Structure formats: C-alpha cells, structure tokens
Amino acid sequence: MNERIKCEKYLSKVMTADEAAKLIYPGATIGLSGFTPAGHAKAVPLAIAKRAEETGEKLDLTIMTGASVGDQIDGALTRAGAMKKRLPYQTNSTVRNAINAGEIEYFDMHLSQLAVWAKNGFFGDIDFAIVEVSGIDEDGHIIPSTSIGAANTYIDCAKKVILEVNTTQPLSLKGIHDVYTVERVPNSKPIPIVRAADRIGTEYYPCDFDKIAAIVMTDIPDKGRAVQPVDDISQKIADNIVELITKETEAGRLPVPLPPLQSGVGGVANAVLAGLKKSSFTNLNVYSEVLQDAVFDLIDAGKIAFASGTSLTISPDFQEHYDKNFEKYKDKIMLRPQEISNHPEVIRRLGIIAMNTAIEVDIYGNTNSSHINGTRIMNGIGGSGDFAQNAGLSIFMTPSTAKNGTLSCIVPFVTHVDHTEHDIHFLVTEYGYADLRGLPPRIRARKIIEVCAHPDFRPQLLDYLERSCMECECKQTPQLLREVFADK
C-alpha cells in the first residue's frame, strides 16, 4: 500500500470497496472514470452491485462515464437493477439490451460536450466521482490510470470523490498524462495546442484532500477487447484510404508530413492504421481518442513520431509486447482529458485527418453510426461527430454490405442521422472512395452509388435515384419519402 500511496495523510482515507459502496445513496448521480474500456473504476461499482443484490435496495443511480467501460460497471450494475440512467456512450450488451427494452434511460451525446455540460450543471448535481488511479505520490498528487476521459471533470464537479488505487496498473504510467481543464465561460481561454505533442497541463488530477471520501485498493486489471483479424474487405478499405491520402498529397491538398491522424476503434479502423505501416508516409502524428494496438505497431515501425489520446486500449494478444516495450513508447504518447482530445478548436487548428466508421450511409452522404433500423441503439455517436464536423479531412468508411451481403450499407435514406451530408468529405468502401467535396446532391448521390455501393445493389439504388429525380417536385435533393418509409 505504501508503494502506491506515498503521502501518509491519504492512508487515513483507505477502506474496503464494500465500505465505500455504503456511502452511495439512492438516486445519486455518479461520474466514473473509464474510456473504451480502460482505466475504469471496477471494485466499487462491483461492490455497489453486490449491495443492491443482497439488500434489494432500489438505488436508481445515474451513471456517467467518459465513454464505454467494462462489465464491472455496465454489466454488473444493470444485472443488479441498480442503474436508472446511463450516459454518454456504451458498448456492453447487457446495458444495451436494457436500454432498448426501455428499462434504462440512455442519453447519447458528443463526447467533447460532456465536460461543458457537467461544469455548467446541465446534468444537475454530480454526487460522487469514482475514479481509478495508479497511485498517489509524495506530494499528494493523484496519478491517473490508463485513461483520463472525463475523470478530471467529475473530480472537479462531484461533491465527494472515491479513488480506486489499482495495483495492476504500472507505476511507470506517471508522466504520460496531461490534465488540463477548460474554464467555464466567460473565463475560458484559447487552448494552447499547436502540435500533437504540446504539453499544457499537469501530470496528475488536482483534488481537494477534504473532498476525498474513500480510497480503495484494488487489483482488478483492465480487460481490453480482442482486435478482429484484418479480413479482405477491411484490407481493401484500408488500401483505398491510403491511396486517397496519397493522391491528396500529390495534388498539394494535404501537406507532407501529414496532419495528425484520428481513427475510431474496431477492426476496420485498426486495419486502416495497419495499412499506413506499409505506406511511404513517415513522421506521422496521431491526435485521437483511443491509442490501440496499431498505433504501437506504427511506433515500432518508426512511422509515428507522437500519439496523443485519452485512453490506452490494448488487446489481450498485444498486452505482453506492450508491457515489455512500454518504456520505449512512454516518450511518444500522451493522455489528455476527452474535453481536450475531442475539442473542436484543437481539431480544426491541427487540420486532423479524421477516419470514422458508419453503420449505413445514404446516397446523399448522411451517416448513421449508432442505430439499427433507426430504433435500436448500438453504442452511441461517441467522438465521431467531434472530429467529422471539424476535421481538415473527414473520411467515413463502411463495408458496402452487411449480413453476409444480404443488406446494402448504402441506402436511399438512413434510418437515423448522426452525421449530416455536411460532415463528410470522402466515403470509402471496399469498392472505392468517393470525393464528395463541392458536389451538389444529385451528382453526389450518383457518385456514391457508382463508386461505393456493392455492384449487386447499384441497379436498385440508381433506379431509385432516377425515379426520384423525375417524380419529386423538388430537384435539389429529390427523395421519394413515402416509398422509403413504407419499406421500414
């Protein structure tokens, strides 16, 4: 314990997870650390779930995180019936099913806005912050874990703070964090970041000692998700993105070295980053949310000069290599609050190349990244909107089909709009990439169909477009809406 809590006065706050869980009162709003799922609080949420199951108390908790977290929060609290409301992002099947069944209220939002809303009181009072940390140093500085997310904001806004000191997180994490909090209007100032590697904050979470209600020791490790193998479709999408970026540099529309890269998470996103390993691009920088396996592969290959994010999400297969080489990575990575990693001001200034995935895209470029059939939530909008709306180059990518080729991912009208046609510069599938910049709607639609749609679905889509152009009274963005919605 003394190795992790080096400031003696903090030892007086140590208690068990069960004891800390008893501090939580019914109806509380709780802000928890964690981002995809790394650095999330684990021991205390499990103890809260245990308490709810054993006592039958109706806790009705509102649970706020940075983004997705592990089963120790979403799964355990849902199964225990302890959660009433969830925001802003999730990927756990248990809580997702409860949301879609109407058993848990869910509020989806842009991740960059979370801190602003919390600081302005839009969510009401935040009663507790439960935050995983790797340790407390001799000066009482609280050292973050493998993510920052919104943890610094929750510490600032909460009435009481519970810290989980996780002994499985290496002490060597100290030094990779850059904790900077934007002040509320009218006291906010420009964020002084002009390069991905710029350090502007502290290496620790500032927190009033008297605000800390409990410190819990835990040894529950992060459990990263397995990375899907790169399949043929993902590889073709990755190759198309590398080709379009190459052509943009050859045309002088992108500088060399490239502006910083942002990439979403998942198999396709990982394949795109892996594709850059084979490219001629060097001296790359990353300014993103999640630093995943492919980022470290690129560092190993000498391709990445620096990578900034808000979370370290390492797959089980890559964990041993990452652990052995962490000292080599340490001076090339930085974790920031999601308010900074996703901030529109910084994204716009740096001219980020943003690469995000979609569930479906319609012929005019509207994008759905969160719902199935317009009603069933999958995960949420996440940070894709933050980057797409403000990027120097906004790329959306999707396989052309789903469900073993039986459904087209290019549709006449998306069933749910997360990103409008104004937020996309390029659409990429395994069949090609469509440059949509400056194209009026009808020309944009034809290009998406002819370049990106699966050949099996192109005749139907073209037929729909041609009939829309003839039958719709308005010719700017023609749609046969009765026909579209009759099919739903």
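Guide: Buried area is the accessible area, taken with a 1.4 Å probe, that two parts lose on being put together, summed over both. The model is a predicted one, and the parts in question are domain 1 (8–218) and domain 2 (232–471), as the domain assignment of the chain gives them. Domain 1 and domain 2 bury about 3,600 Å² between them, and 56% of that area is on carbon and sulfur atoms. On the side of domain 1, Ile 176, Ile 191 and Ala 196 supply 18% of the area buried against domain 2, more than any other three residues. The C-alpha centres of domain 1 and domain 2 are 28 Å apart. In terms of residues, 50 from domain 1 are in contact with 42 from domain 2.

Polar and charged pairs also cross this boundary. Across the interface of domain 1 and domain 2 there are 32 residue pairs in polar contact, counting residues at pLDDT 80 or more. Three helices, H4 (93–100), H5 (114–119) and H6 (151–157), each supply at least two residues of the side of domain 1 that touches domain 2. That side of domain 1 is made up of 25 nonpolar, 17 polar and eight charged residues.

Side chains of opposite charge can pair when their charged atoms come close. Between domain 1 and domain 2 the count is two salt bridges. Lys 119 and Glu 339 form a salt bridge, with 2.8 Å between the closest N and O atoms.

For the structure as a whole, the count is 27 salt bridges. Among them is the pair of Lys 50 and Asp 18, whose closest N and O atoms are 3.3 Å apart. This pair links distant parts of the chain, since Lys 50 is in helix H2 (residues 43–55) and Asp 18 is in helix H1 (residues 17–21), 32 residues apart.

A pair of aromatic rings is described by the distance of the centres and the angle of the planes. The count comes to ten aromatic pairs. The ring centres of Tyr 322 and Phe 326 are 5.6 Å apart and the planes stand at 70°, so this pair is edge-to-face. Both Tyr 322 and Phe 326 belong to helix H10 (residues 316–330), where they are four residues apart, about one turn of the helix.

Some details of the backbone remain. Most residues other than glycine have a negative phi, and most peptide bonds are trans. The bond from Val 185 to Pro 186 is cis, with omega near 15°, and Pro 186 is in the loop between strand E7 (160–166) and strand E8 (212–218). Val 256 and Pro 257 are also joined by a cis peptide bond, with omega about 0°. Pro 257 is in the loop between helix H7 (232–250) and strand E9 (261–263). Asp 60, a residue other than glycine, has a positive phi, near 50°, and is found in the loop between H2 and strand E2 (61–64).

Terms used
Residues are numbered from 1 along each chain as its sequence is written. Side-chain values use heavy atoms; hydrogens and water are left out. Domain bounds come from an automatic or database domain assignment. Contact means heavy atoms within 4.5 Å. A salt bridge is a side-chain nitrogen of Lys or Arg within 4 Å of a carboxyl oxygen of Asp or Glu. A polar contact is a pair of N or O atoms within 3.5 Å; within protein, one must be able to donate a hydrogen and the other to accept it, and residues adjacent in sequence count only if both atoms are side-chain atoms. Ala, Val, Leu, Ile, Met, Phe, Trp, Tyr, Cys and Pro count as nonpolar, Asp, Glu, Lys and Arg as charged, and the others, Gly among them, as polar. Rings of Phe, Tyr and Trp (its six-membered ring) pair if their centres lie within 6.5 Å; planes under 30 degrees apart count as stacked, over 60 as edge-to-face and the rest as tilted.
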